Amino acid sequence: HFQRLTGAQWGITDAPEKCAPLPLSRVWTVDEMPRAAGRLLDQLALPADADADILSTSGTTGLPKGVVFSHADLLHQIGDGKDWSRAGTLLHALPFTGFGGCHGLMLSTLQFGHTLVTQPGFDARGFLALAARHRPSTLHLVPSMLRLILELPDVTDHDLGSVRWIITGTAPLPNDTVRQVGALWPGVRVINA
């Protein structure tokens, strides 16, 4: 549906079999995708209001709709980097198809030279294993993900010693969740974005 909505002609994916039924003229895997920067449009020559990308949202109707972002939108959302000065390595499980995962995390992290570790599909225990392996300073979770982590019976067995910040948002954050984080990890600050 989204391909028909946007009129996309090409695809870059890690699951080419899912693109097979789509009327695309070309599909690349991530390893095969074109990487010749000289063949890209001159980004500095584009007007600020030029379309940069289209993200899908189903809003309240459940039907996918395209939300167009201009280059100026992206630069405004990424900001000046002050909020990212302490991000270091950031671990999250948000999809790149939405604003939070794509613009809020991926673009901002790359823009300011930090490392982004992504769990492709959220699993609370797996998320903690990634945190122990990659030693992030920042976790980004929606409140329901954070609750699932806190409810693990062995949550204290996982090493989160590197974590200084937990950023959350997109839904109400219960006060008891913040209290529980403080009790389990006293050195961690929760930021409700």
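Reply: Let us begin with the whole chain, keeping in mind that this is a predicted model: the protein has 193 residues, and buried residues make up 34% of them.

Me: How many helices and strands does the protein have?

Reply: There are 7 helices and 9 strands in the protein.

Me: What share of the contacts comes from residues 24 or more positions apart?

Reply: Taking the contacts in the protein with a separation of 6 or more, residues 24 or more positions apart account for 58% of them.

Me: OK, now the inside. Which residues have the most contacts inside the largest nonpolar core?

Reply: That core has 26 residues, and the ones with the most contacts inside it are Leu141, Ile149, Ile166 and Trp185. The elements that give two or more residues to this core are strand 5 (89–92), helix 5 (124–134), strand 7 (138–141) and helix 6 (143–150), and the largest share, 5 residues, comes from helix 5.

Me: What does Leu141 touch?

Reply: Not counting residues up to four places away in sequence, Leu141 touches Phe122, Phe127, Leu146, Ile149, Ile166, Ile167, Thr168 and Gly169.

Me: What about His140, is that buried or exposed?

Reply: His140, which has its place in strand 7, counts as buried because its relative accessibility is 14%, and the limit for buried is under 20%. Leaving aside its neighbours within four places in sequence, His140 is in contact with Leu90, Leu91, His92, Ala93, Leu94, Leu105, Phe127 and Ile167.

Me: Switching to helices: how do the axes of helix 3 and helix 4 cross?

Reply: The axes of helix 3 (residues 71–78) and helix 4 (residues 99–111) come within 9 Å and cross at roughly 75°. Angles of 65 to 115 degrees count as roughly perpendicular, and helix 3 and helix 4 are therefore roughly perpendicular to each other.

Me: Which residues make that contact?

Reply: Helix 3 brings Leu74, Gln77 and Ile78 to the contact, while helix 4 brings Phe99, His103, Leu107, Ser108 and Gln111. By type, the residues of this contact divide into 4 nonpolar, 4 polar and no charged.

Me: Which residue has a positive phi although it is not a glycine?

Reply: Arg135 is one of them, with a positive phi of about 55°, and its place is in the loop between helix 5 and strand 7. Arg135 is partly exposed, with a relative accessible area of 39%.

Me: Where does Thr170 lie, and is it buried or exposed?

Reply: Thr170 lies in the loop between strand 8 (165–168) and helix 7 (175–184). Thr170 counts as exposed because its relative accessibility is 76%, and the limit for exposed is over 50%.

Me: Back to Arg135: how far apart are Gly88 and Arg135?

Reply: Gly88 and Arg135 are 47 residues apart in sequence, and their C-alpha atoms are 9.8 Å apart in space. The place of Gly88 is in the loop between helix 3 and strand 5, where Gly88 counts as partly exposed at 31% relative accessibility. Not counting residues up to four places away in sequence, Gly88 touches His114, Thr115 and Ser137.

Me: And where is Pro95?

Reply: Pro95 has its place in the loop between strand 5 and helix 4. Pro95 and Gln119 are 24 residues apart along the chain, and their C-alpha atoms are separated by 9.0 Å. Leaving aside its neighbours within four places in sequence, Pro95 is in contact with Gly101 and Cys102.

Me: Last one: where is Leu46?

Reply: Leu46 is in the loop between strand 2 (26–29) and strand 3 (51–57), and at 26% relative accessibility it counts as partly exposed. Leu46 and His71 are 25 residues apart in sequence, with 8.4 Å between them in space, C-alpha to C-alpha.

Technical notes
Residues numbered from 1 in each chain as written. Predicted model: local features only at pLDDT ≥ 70, side-chain atom pairs only at ≥ 80, totals over all residues. Heavy atoms only, no water. Helix = DSSP H or I, 4+ residues; strand = E, 2+ residues; numbered from the N terminus. Buried < 20%, exposed > 50% of the residue type's maximum accessible area, 1.4 Å probe, protein only. Axes fitted to C-alpha atoms, helices over the stretch in contact; angles between N-to-C directions. Parallel < 35°, antiparallel > 145°, perpendicular 65-115°, else oblique. Contact = heavy atoms within 4.5 Å. Nonpolar A, V, L, I, M, F, W, Y, C, P; charged D, E, K, R; others polar. Core = buried A, V, L, I, M, F, W, Y, C linked by side-chain atoms within 4.5 Å.
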